Amino acid sequence: MKNIDINTLKVTNEIQLAKIPTFLNVEASEKKKEKELQKIREKLSKIQDKMYAHNKYGVLICLQGMDTAGKDSLIREVFKEFNARGVVVHSFKTPNSTELEHDYLWRHYLALPEKGKFSVFNRTHYENVLVTKVHPTYILNENIPGINSVEDITPEFWENRFESINAFEKHIASNGVIVLKFYLHLSKEEQRQRLLRRLETEKHNWKFSPGDLKERELWDAYQNCYEEAINKTSKKYAPWYIVPADNKETCRYLVAKTILEELKKYTDIQEPELEQEVKDNIKMYHDKLASEI
């Protein structure tokens with residue numbers, strides 16, 4: 001299997017999405033990719049157990065991508081070996097009435113990982129500079145002072161949002177949250193094929209919505225917004241990774257590999273040692289329990 005340097009996926013300079021491939025040949029069969037993913041899952045599970053005992057870091061995994069990019073199945077396949085207590089998935093939909101009574105980052109603060117745990121954001125706080133920028137009328141639902149019509153939403157408004165998001169991520173990163181952000185880079189043609197399969201396969205019909213086609217018509221607008229958001233918010237403390245997503249198995253493998261390689265850098269994550277007094281008396285504690293039989 002072709003060895004992929006995950007650093008080639010990390011955004012460190014300004015990018016143009018149209019020039020980045022949506023398919024990557026890793027020179028392996030689907031079965032081989034699944035076997036490699038299984039190995040990585042097991043390693044990630046062990047790291048998570050160690051993180052839970054260490055109790056100093058949390059991990060925030062952010063997943064963004066166009067409809068049908070494969071976020072749901074990726075979450076299922078990448079995190080299936082985790083202890084259920086160790087990972088929580090949050091799928092952010094349209095803000096409800098309670099959430100709209102707060103600032104747009106409020107509900108994301110509430111979903112941040114506890115120490116020793118993973119939070120996976122399936123769609124994220126970036127929806128507030130993506131879908132709302134493509135559909136600016138949604139901003140009016142937030143009832144923000146000074147924003148009474150779409151005309152009040154200036155370029156400065158969006159710049160302030162990017163600054164707020166960067167500040168949010170820098171703050172949580174400085175307090176022990178490891179932030180990794182993945183854009184699942186799907187081609188328009190592959191999306192068309194996946195939408196067709198939803199219509200042609202009865203058991204997957206429920207996944208289809210006519211709204212999917214309306215959003216597809218806005219493909220170019222979304223691509224521009226993604227490109228801008230990634231360029232403005234890929235930071236050392238919260239990097240973006242652009243992952244080719246036309247092949248789901250390859251995409252899952254690359255995301256899992258990236259998470260593993262990044263977490264391995266945190267060499268201070270270790271299981272806590274027992275106090276010396278406890279260590280010295282382990283045999284006594286063991287003998288005491290064993291004698292109760």
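The model is a predicted one, in which local features need pLDDT of at least 70 and side-chain atom pairs count only at pLDDT 80 or more, whereas totals for chains, interfaces and linings use all residues. Residues are numbered from 1 along each chain as its sequence is written, and side-chain values use heavy atoms, with hydrogens and water left out.

The chain holds 11 helices and five strands, where helices (H or I, at least four residues) and strands (E, at least two) are DSSP runs numbered from the N terminus. Its C-alpha trace spans about 75 × 50 × 40 Å along the principal axes. Of its 293 residues, 46% count as buried, a term that stands for under 20% relative accessible area, with exposed being over 50% and partly exposed in between (1.4 Å probe, protein chains only). Among the contacts with a separation of 6 or more, 80% come from residues 24 or more positions apart.

The five strands form an open sheet with parallel pairing, in the order β2-β3-β1-β4-β5, and two strands are taken to pair if DSSP finds at least two bridges between them. The edges are held by β2 (87–91) and β5 (240–244), each of which has a single partner strand, so one side of each is left without a neighbour in the sheet. Neighbouring strands are turned by 20 degrees against each other on average, direction ignored.

Helix α5 (residues 155–174) lies across β1 (58–65) and β4 (177–185), and runs at about 135 degrees to β4; axes are lines fitted to C-alpha atoms, for helices over the stretch in contact, and angles run from 0 to 180 degrees between N-to-C directions. Helix α8 (residues 219–233) packs on the sheet as well, touching β1, β4 and β5, and its direction makes about 150 degrees with that of β4.

Helix α2 (residues 71–78) contains S73, and the helix is mostly covered, since six of its eight residues are buried. These buried residues are K71, S73, L74, I75, E77 and V78, and they pack against α1, β1, β2, β3, β4 and α9. S73 itself has a relative accessible area of 9% and is therefore buried; leaving aside residues up to four places away in sequence, S73 touches K248 and R252.

The contact is made by S73, L74, R76, E77 and V78 of α2 and K248, C251, R252, V255 and A256 of α9.

Helix α9 (residues 248–263) also meets helix α1 (residues 30–54), the two axes coming within 9 Å and crossing at roughly 30 degrees, and α1 and α9 are therefore roughly parallel to each other. On the α1 side the contact involves E30, K33, E36, L37, I40, K43, L44 and I47, which meet E249, T250, R252, Y253, A256, K257, I259, L260 and L263 in α9.

How values were computed
Contact means heavy atoms within 4.5 Å. Angles under 35 degrees count as roughly parallel, over 145 as roughly antiparallel, 65 to 115 as roughly perpendicular and the rest as oblique.
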